[in-house]
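Morning, everyone. I have one model to walk through today. Please take a look at it before I start.

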Amino acid sequence: MTTNATNVTTATVVAANATISMRTVAYPADGLTMIGHLALPAGGDRRPAVLLGPEGMGLSDVERRRADALAELGYVALAFDLHGGRYLGDPEEMLARCLPLLADPDRMRDIGGAALDVLRAEPRTDPDRIAAVGYGTGGAVGLELGRAGVRLRAIGTVNATTTGRPGEAARIRCPVWAGVGSEDPIMPPAQRDAFTAEMQAAGVDWRLTVYGGALHAFHHPPVDHPTVPGVGHHPRHARRAWRDVVDLLSECLPVTGG
C-alpha cells in the first residue's frame, strides 16, 4: 500500500501569499505519475494534516481551492490525484477507469497510501494527526485506507457511501462521517443502508447526513462538459457539506498553536 516517499519530486511553486503557500508534487502510484496539490499554512511548525480526495473526474481547481481553504484554517492539505495528472471530463472515459478502480480495494488503498506517504513526508505535517476527506471516488479511497487499518483521526466522505470487503470495517479506528444527497441515484437508499449497516456492525463511530433534494456531486460547481446522469449542483447544500467537513475536522483534528 505504501510507496517510497523519497521518490517524491516537488514541482515549481505555483502560488504563495502571506497566509499560505502551495506547490505541486509528483509521485508514483497505480503505474502512473500522480500530480498532487499541496497547501501549507503560514509558519514553520508542524500541523495536523488532511488527505483530500477528488471526485471520479479527477483532481481539478475545485479540490485545489478546498486544499487551500484548509491551509488557511491551519492544516497541511494534500489534494491527491487519481489519473496521472489528467482530468477525465468524458463520462465514458471516467467510468471506464473508475468502475474497475472502485471494484478493487487494493488498488484504491495503493493510490491512497502513496498520497499518504507524500503527506507524511512533508516536514510541516504532524504524522500522528492526519484525517482523510474525499468526494466520490476520492472518498471511497479514504474509506479503504480506514478499512486497511491505517491510523487516521477522522474519515469524511461526500457521495461515497461505499461498502468494503466483509469484516474489514472493524479495522477503522476513527470517527467516520458521510454526506449524501437524498436524490442521488448513484448512492441510493439501499446503498446508504448497506453502508450504515457495515459501519454499525463493525462498531465504528459513524454519522450520516442526508441532504434533502440533492443529487450526486451536489457539492461540485457546474462543469462545462457532459456528466453522468443524476449529477447536479445544489449551492445551499454544498455550503452546508463544507461546514460539516470543517466541523468534523474541528472535533477530531483541532488546530492548536500557530
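Is Arg47 buried or exposed? Arg47 is buried, with a relative accessible area of 5%. One caution before I go on: this is a predicted model.

Now the partner. Arg47 makes a salt bridge with Asp45, and their closest N and O atoms are 2.9 Å apart. Asp45 is partly exposed, at 30% relative accessible area.

How many salt bridges does a search of the whole structure find? The search gives 15. Take another one. Arg107 and Asp30 form a salt bridge, with the closest N and O atoms 2.9 Å apart. This pair links distant parts of the chain, 77 residues apart: Arg107 sits in helix H3, residues 105-121, and Asp30 in the loop between strands E2 and E3. Arg107 is partly exposed at 23% relative accessibility. Asp30 is partly exposed too, at 28%.

Next, Arg109 and Glu168. Their side chains meet in a salt bridge at 2.5 Å, N to O. Again, distant parts of the chain are linked: Arg109 is in helix H3, Glu168 in the loop between E7 and E8, and 59 residues separate them. Arg109 is buried at 7% relative accessible area. Glu168 is buried at 12%. Both belong to one network of salt bridges that share partners, which also includes Asp106, Glu144 and Arg147.

On to strand E8, residues 176-181. Six of its six residues are buried. Which way do they point? Val176, Ala178 and Val180 point one way, and Trp177, Gly179 and Gly181 the other.

E8 has neighbours. Strand E7, residues 155-158, pairs with E8 in the parallel sense over four bridges. There, Ile155 stands opposite Val176. Strand E9, residues 206-211, pairs with E8 in the parallel sense over six bridges. In that pairing, Val180 stands opposite Val210. E8, helix H5 and E9 make a right-handed β-α-β unit.

Cysteines. The disulfide count is zero. Cys174 is buried, at 7% relative accessible area. Cys98 is buried as well, at 3%.

Last, the surface. Leu95, Leu99 and Leu102 form a nonpolar patch, with about 240 Å² of accessible area together. Leu95 lies in helix H2, residues 91-102. Leu95 counts as partly exposed, at 34% relative accessibility.

Key:
Residues numbered from 1 in each chain as written. Predicted model: local features only at pLDDT ≥ 70, side-chain atom pairs only at ≥ 80, totals over all residues. Heavy atoms only, no water. Buried < 20%, exposed > 50% of the residue type's maximum accessible area, 1.4 Å probe, protein only. Helix = DSSP H or I, 4+ residues; strand = E, 2+ residues; numbered from the N terminus. Pairing = 2+ DSSP bridges. Right-handed = clockwise from strand over helix to strand, strands pointing away. Disulfide = S-S within 2.5 Å. Patch = residues over 30% accessible without salt bridge, like charges linked within 9 Å, V, L, I, M, F, W, Y side chains within 5 Å. Areas by Shrake-Rupley, 256 points an atom, 1.4 Å probe, with all protein chains shown as cover. Salt bridge = Lys/Arg side-chain N within 4 Å of Asp/Glu carboxyl O.
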